[in-house]
Amino acid sequence: MEPNLGFVEQVSDLSHQNVRRCYYCLRCTAGCPAAYAMEITPAQILKMVQLGQKGTLLRSSAIWLCIGCETCGTRCPNEIHAGAVIDALRQIAIAEKVPAGEKTVLKLHEAFLDSIRLWGRMHELTMLMQYKLTSLDLLSDLDMGLDMFVKGKIHPLPERIRGMGEIKRLFKAKD
Amino acid sequence: MGKQYAFYPGCTLHTTGVEFGVSTELVCQALGLEMVEIPDWNCCGASSAHSMDHTLFLALPARNLAKAQQVGLDDLAIPCAACYSRLAAADVALREDGAFRAQMEDVLGFGYEGRVRPRSLLDVFANDLTKQVLRAEVVNPLKGLKAVSYYGCLLIRPPKYTGRWDDPEHPQSMDAMVELMGGEAVPWSYGVDCCGGSLTLNRSDVVVHLVDKLVEGAREAGAEAMVTACPMCMANVDGRQKYRGGSPIPRKPKPQYETMPIFYFTELMALAYGLPFQKVLGKHLVDPRPLLGRLGLA
C-alpha cells in the first residue's frame, strides 16, 4: 500500500502527540481493554500512522472501539496517548467523510453532541431516541431503559441552560 | 459553618446517577461541607466531544471553569469521575496552551485566573478531611460488608490531568474510605480496569465481556459488593452484569445469576452515617437491599 508520508505529521499535530516516538514496546496494546475486539491494536495503529497507512486506518473498526480509558497514555514510556491519536484519526475520518467502521458508535457521539447543542446538557431520553432512530438499532436495551425510566432515572423532559449563545460559539470555535 | 466548595454536579447526578446525587448531598451536609453549585453549568462533553473534535473536548468543560470562577471559591468539587477528568483536562489546557486560553477568553468573555482547582469529590473527602472527622459521623458501621474498590479509568488517569492525588496504577483512597466506614476493603486485581464506557449502547458485547471480568474478579477476591465513584461504571456494572455476552440483540439474561451489588462510595458513607437514604437504594438495577438486610445494615 502506498504510504502517505505526511500522515504522521498531520496526526501528530492534530492529536498533540509525538507519534514518531513510539518504539513499539506494546504496553498500550497489553493494557487496552478493547484490543481483543480490534482488528488493528493500539500499538499497530501507532506503527501504521508512522508508516502512513492512512486509508486502512481511517476505514478500520478499531479506531471507533477505543473507550478512552487512558490506560495506554498512562503507561506509555514515551508519553504518547494512543487514545488521543485515535481521536485524531476519528476526526480525520469524519472530515474526509470516510464511512465509520463502527457506524453506531459515530451515531451515538453525534446524538450526544446534538443534545448538548440543543440543551447545553445531555438529556438521556431525547438523546437515546435520536440515537435509536439514526442507528436503526431499535430493539436493544428496551428492558433496561424501561427499568431506568420507571425508577425515575431518565427524566421525560429536558431543561435548557441559559447560556446557549456561549454553547453555540463553542461549537463554532471547533477546528 | 464548614468549608465551602464550588460544585459541578454534571448531567447524571440527578438522573441515571441519582443515588450518587442524593447521597453526596446528605454526606456533605453531615460533614458540614457547603457545596455551591456553579451557575448555569453545561455538559462536560463526556465520551463524545473528544471523539469528534479536539477543541470542543476542551472548550465545553472550559466554560464550566469560567462559570466556577464566578463563584469565588478556589476548590471545585466534582463527584463524577468523567466530568472531573474533562474539567481537569480543560484546566491544564487553559494553563499551558496560550492560544487556546486566548480563544476561550474571547469566546466566553472571561479572564482565566488559574485559581479554580477542579477536584474529585473523593479527593476532597480523602485529603481535606481527617480520618477522625470522617469516622466521627459513623453511627452504623458497615460491619461484615466486604467490598472491592473499583476506581475505573478517569478518576485517577491520566496523571497529567489528575495530578496524582492517588496512585494511577494502585489507588487506595476508596479502600481507605470503605475501612473508615467500618467495612472490609477487599484487595483485588481489577481496580483500575475499564468497564467499556459509552460502548454500552452500541457494542454492548464488549461491555458485557469487560463487566463479566470485573464482577468475576470481585467474586473471586471474596467480595460481596463493589464501590465506584463513576456513574458510567455504575451504569455498566449495575446494568450489564446479568446479561449474556456475545452478539445476540436483544440481549438475554444469564440463567440463575447471582448478582453483585455496586455502590457509590458516598452511598456507603450515607449508610454508615445513618442518613435517611433507604429509598434511593431501590433505584439500583441490582438491588443491594437483600445484601444489606442479611448483614443487618439496612
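Author: **Salt bridges within and between chains**

In this predicted model, A:Lys54 forms a salt bridge (a side-chain nitrogen of Lys or Arg within 4 Å of a carboxyl oxygen of Asp or Glu) with A:Glu96, and their closest N and O atoms are 2.9 Å apart. Because A:Lys54 lies in helix α4 (residues 54-59) of chain A and A:Glu96 in the loop between α6 (82-95) and α7 (103-119) of chain A, the pair ties together parts that are 42 residues apart in sequence; helices here are DSSP runs of H or I with at least four residues, and strands are runs of E with at least two, numbered from the N terminus. A:Lys54 is buried, with a relative accessible area of 17%, whereas A:Glu96 is partly exposed, at 40% (buried means under 20% relative accessible area, exposed over 50%, partly exposed in between, with a 1.4 Å probe and protein chains only).

A second salt bridge links A:Glu102 with B:Arg203, the closest N and O atoms being 2.9 Å apart. A:Glu102 lies in the loop between α6 and α7 of chain A and B:Arg203 in the loop between β6 (184-185) and α10 (204-220) of chain B, so the pair joins two chains. A:Glu102 is buried, with a relative accessible area of 11%, and B:Arg203 is buried at 18%.

Over all chains, the structure holds 28 salt bridges.

Residues are numbered from 1 along each chain as its sequence is written, and chains are lettered from A in the order in which they are written. Local features need pLDDT of at least 70, side-chain atom pairs count only at pLDDT 80 or more, totals for chains, interfaces and linings use all residues, and side-chain values use heavy atoms, with hydrogens and water left out.
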